[in-house]
Amino acid sequence: MPDEAPIAESTNAVPVPQHAPPYPIPAKDRHRRDALALTVAAAAWFLPGLGHALLKMWVRALVCFSTVALLVILGAGMRGNIFSRNGEDAFAKLGYVADLGAGSFYFVAQALETNGPDVSHANGDYGTRLLATAGVLNMLAALHAYEVARARKA
Amino acid sequence: MMPPHEFKLSHFQAMVFFALLISVAFGFLSRRGAYQRARYILWSFILFLVIGVGIGWAMYPFSH
């Protein structure tokens, strides 16, 4: 699996150094690679893990999917607040952006939370944070998939 | 009675679940190789818990 391929360095926390290719990359290929990277990022956002799956990074795909799914299930199960687009203040709008980061799982959370949110208790407040974390984590994973597709990261 | 898909977690349980899930996700996204990932996940998980409990105790005097 590409995820597990042995590498010389023990970490890939730093971006892969960009060496100038021996010949210029044709503009057509560059545009195609950029379009592919954008498609991967959109897929990764829409369904957590799909971006990495398209890049054949199966372990990362599974982890992304499972983590976001568990956070959404826990957050909705704890009756966290799922922000809608009609937020009254900046925090509600920011919360909506964070929640929407989970892609299709935003609607899964809405479907799971049949009794609506209850933030009058700490439990519901934690649920709100877990739902927002699921969205932000998925956006981070989508960005990672985009960087990999553009060959900026291994 | 709570519906089957609803959870009631204590503060500590919620923190442990959060720390575990985020540590695993960060570990798999940012590291390669089983050993590097395991080390990162363990460290990240421990730091999440230690810092969380530490901040909790730091806020304790203000609640009294």
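**Close-up views of helix packing in a predicted two-chain model**

**View 1. Packing of H3(A) against H6(A).** H3(A) and H6(A) pack with their axes 7 Å apart and at an angle of about 160 degrees, in a model that is predicted. An angle over 145 degrees counts as roughly antiparallel, and H3(A) and H6(A) are therefore roughly antiparallel to each other. The crossing in which H3(A) passes H6(A) is left-handed. On the side of H3(A), the residues that meet H6(A) are Cys64(A), Thr67(A), Val68(A), Leu71(A), Val72(A), Leu74(A), Gly75(A) and Ala76(A), while H6(A) contributes Gly127(A), Leu130(A), Leu131(A), Thr133(A), Ala134(A), Leu137(A), Asn138(A) and Ala141(A). By class, this contact of H3(A) with H6(A) comprises eleven nonpolar residues, five polar residues and no charged residues.

**View 2. Packing of H3(A) against H1(B).** Helix H3 of chain A, residues 58-77, packs against helix H1 of chain B, residues 11-30, at an angle of about 160 degrees and with the axes 9 Å apart. H3(A) and H1(B) are therefore roughly antiparallel to each other, and H3(A) passes H1(B) in a left-handed crossing. From H3(A), the contact draws on Val59(A), Arg60(A), Val63(A), Cys64(A), Thr67(A), Leu70(A), Leu71(A) and Leu74(A), and from H1(B) it draws on Phe17(B), Leu21(B), Val24(B), Ala25(B), Phe28(B) and Leu29(B). Twelve nonpolar residues, one polar residue and one charged residue make up the contact of H3(A) with H1(B).

**View 3. Packing of H6(A) against H1(B).** The axes of H6(A) and H1(B) cross at roughly 0 degrees and come within 11 Å, which makes H6(A) roughly parallel to H1(B). The residues of H6(A) in this contact are Ala122(A), Tyr126(A), Leu130(A), Thr133(A), Leu137(A), Ala141(A) and His144(A), and those of H1(B) are His11(B), Ala14(B), Phe18(B), Ile22(B), Ala25(B) and Leu29(B). The contact of H6(A) with H1(B) divides into ten nonpolar, three polar and no charged residues.

**View 4. The side of chain B that touches chain A.** Across the two chains, 20 residues of chain B are in contact with 25 residues of chain A. H1(B) gives the most to the side of chain B that touches chain A, with eleven residues. Sorted by class, the residues on this side of chain B are eleven nonpolar, five polar and four charged.

**View 5. The largest nonpolar core and Ala134(A).** The largest nonpolar core has 43 residues, and those with the most contacts inside it are Val72(A), Ala134(A) and Ala145(A). Two or more residues of this core come from each of helix H1 (27-46), H3, helix H5 (105-112) and helix H6 (122-149) of chain A, together with H1 of chain B. H6(A) gives the most to the core, with twelve residues. In soluble globular proteins, nonpolar side chains tend to be buried together. When residues up to four places away in sequence are not counted, Ala134(A) touches Val68(A), Leu71(A), Val72(A), Gly75(A), Ala102(A) and Phe105(A).

View 6. Ala132(A) lies in helix H6 of chain A, and with 24 C-beta neighbours inside 10 Å Ala132(A) counts as buried, the cut-off for a buried residue being 20 or more. Ala132(A) and Leu100(A) are 32 residues apart in sequence, and the C-alpha to C-alpha distance between them is 8.4 Å. Leaving aside residues up to four places away in sequence, Ala132(A) touches Gly95(A), Ala98(A) and Asp99(A).

View 7. Most residues other than glycine have a negative phi. Lys56(A), in the loop between helix H2 (50-54) and H3 of chain A, has a positive phi near 65 degrees, and Lys56(A) is exposed, with 10 other C-beta atoms within 10 Å. Arg79(A), which is placed in the loop between H3 and helix H4 (90-100) of chain A, also has a positive phi, near 60 degrees, but Arg79(A) is buried, with 27 other C-beta atoms within 10 Å.

**View 8. Chain A as a whole.** Chain A contains six helices and zero strands. Buried residues make up 38% of its 154 residues, and among the contacts in chain A with a separation of 6 or more, 75% are between residues 24 or more positions apart.

Terms used
Residues numbered from 1 in each chain as written. Chains lettered and ligands numbered in written order. Predicted model: local features only at pLDDT ≥ 70, side-chain atom pairs only at ≥ 80, totals over all residues. Axes fitted to C-alpha atoms, helices over the stretch in contact; angles between N-to-C directions. Helix = DSSP H or I, 4+ residues; strand = E, 2+ residues; numbered from the N terminus. Parallel < 35°, antiparallel > 145°, perpendicular 65-115°, else oblique. Left-handed = near helix turned anticlockwise from the far one by under 90°. Contact = placed C-beta atoms within 7 Å. Nonpolar A, V, L, I, M, F, W, Y, C, P; charged D, E, K, R; others polar. Core = buried A, V, L, I, M, F, W, Y, C linked by C-beta atoms within 7 Å. Buried ≥ 20, exposed ≤ 12 C-beta atoms within 10 Å, placed from the backbone.
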